[in-house]
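Dear colleague,

Please look through it first, and then read the notes below it.

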Amino acid sequence: MDILKERILKEASVINPGVLKLDSLLNHGVDPQLTMEMGKEFARRFEGEKITKVITVEASGIPVAFATALLLGVPLVFARRKKTLLGEPDAYIERVPSFTKGIVTDLIVSRELLRPDDTVLFIDDIIANGDAARGLLKIIEKSGAALAGIGIVLEKSFQAGGQTLREQGYRLETLVKIKSLDNNEISFGD
Ligand code: 5GP
């Protein structure tokens, strides 16, 4: 998605060779028009799948997942992220490491909101090692819902998450791939 690449070049900064700061577009702010374009692109790519719900992880996945859900005409569910000490019998819970925070958090989805007769499209902001995605995929699997596919805005393809999911047979669509952040430079992949 060329418009997104242009905006990334203008607005992102390289924190270190593994981490990109993209606050204005994904992690701390939202451009509503650009976000709708991302949603349109995901809706187009997954057209024809019988999606009943879009699912994402709070917080940064919500805007683009909302845009996608709006265009597909289905509800949105977002996994909460919190540290739970108590069991939550009415929810599916998976513990995942957080790439940026260096801690583990629990992803929690209410059993009420994810049903065996759902077909879900999983949308998220960034994939790095794939831990967050794997956690949510486990929750979807436990619920008995079907997965139509995964759509992620930005894939850092020099980290293993995206490739591993594709090798496992998941349909993963990403809008922009970054193949390197070396030397403080953003290099896009195909
Ligand atoms: P993963 O679980 O795939 O290793 O990391 C995915 C999550 O970590 C994303 O949802 C995203 O919020 C965060 N993340 C991973 N890499 C980056 C990065 O380079 N920059 C920012 N801002 N967040 C990242």
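How many residues does helix α3 have, and how far does helix α3 reach from its first C-alpha to its last? Helix α3, residues 32-45, has 14 residues and reaches 20 Å, close to the 20 Å expected at 1.5 Å a residue, where the expected span is 1.5 Å times one less than the number of residues. Helices (H or I, at least four residues) and strands (E, at least two) are DSSP runs, numbered from the N terminus.

Before going further, please note that this is a predicted model, in which local features need pLDDT of at least 70 and side-chain atom pairs count only at pLDDT 80 or more, while totals for chains, interfaces and linings use all residues. Residues are numbered from 1 along each chain as its sequence is written.

To stay with α3, its buried residues are M38, G39, E41, F42 and A43; buried stands for 20 or more other C-beta atoms within 10 Å of a residue's own, exposed for 12 or fewer, and partly exposed for anything in between, with C-beta atoms placed from the backbone. What covers these buried residues includes α4 (62-72), β7, β8 (146-156) and β9 (172-180).

The ligand is surrounded by 19 residues, and the closest are F99, A128, N129, D131 and A132; a residue counts as near if its C-beta atom, placed from the backbone, lies within 6 Å. Strand β2 (19-21), strand β7 (119-127) and helix α5 (131-143) each supply at least two residues of this shell, and the largest share, four residues, comes from β7. By class, the shell has nine nonpolar, six polar and four charged residues, with Ala, Val, Leu, Ile, Met, Phe, Trp, Tyr, Cys and Pro taken as nonpolar, Asp, Glu, Lys and Arg as charged, and the others, Gly among them, as polar.

Most residues other than glycine have a negative phi, and most peptide bonds are trans. The peptide bond from E58 to A59, however, is cis, with omega near -5°, and A59 is found in the loop between β3 (53-57) and α4. N183, which is not a glycine, has a positive phi of about 55°, and phi of N184 is near 65°. N183 lies in the loop between β9 and β10 (187-188), and N184 is found in the loop between β9 and β10 as well. N183 counts as exposed because it has 8 C-beta neighbours inside 10 Å, and N184 is exposed with 10 other C-beta atoms within 10 Å.

With best regards

Note on methods
Two residues are in contact if their C-beta atoms, placed from the backbone, lie within 7 Å.
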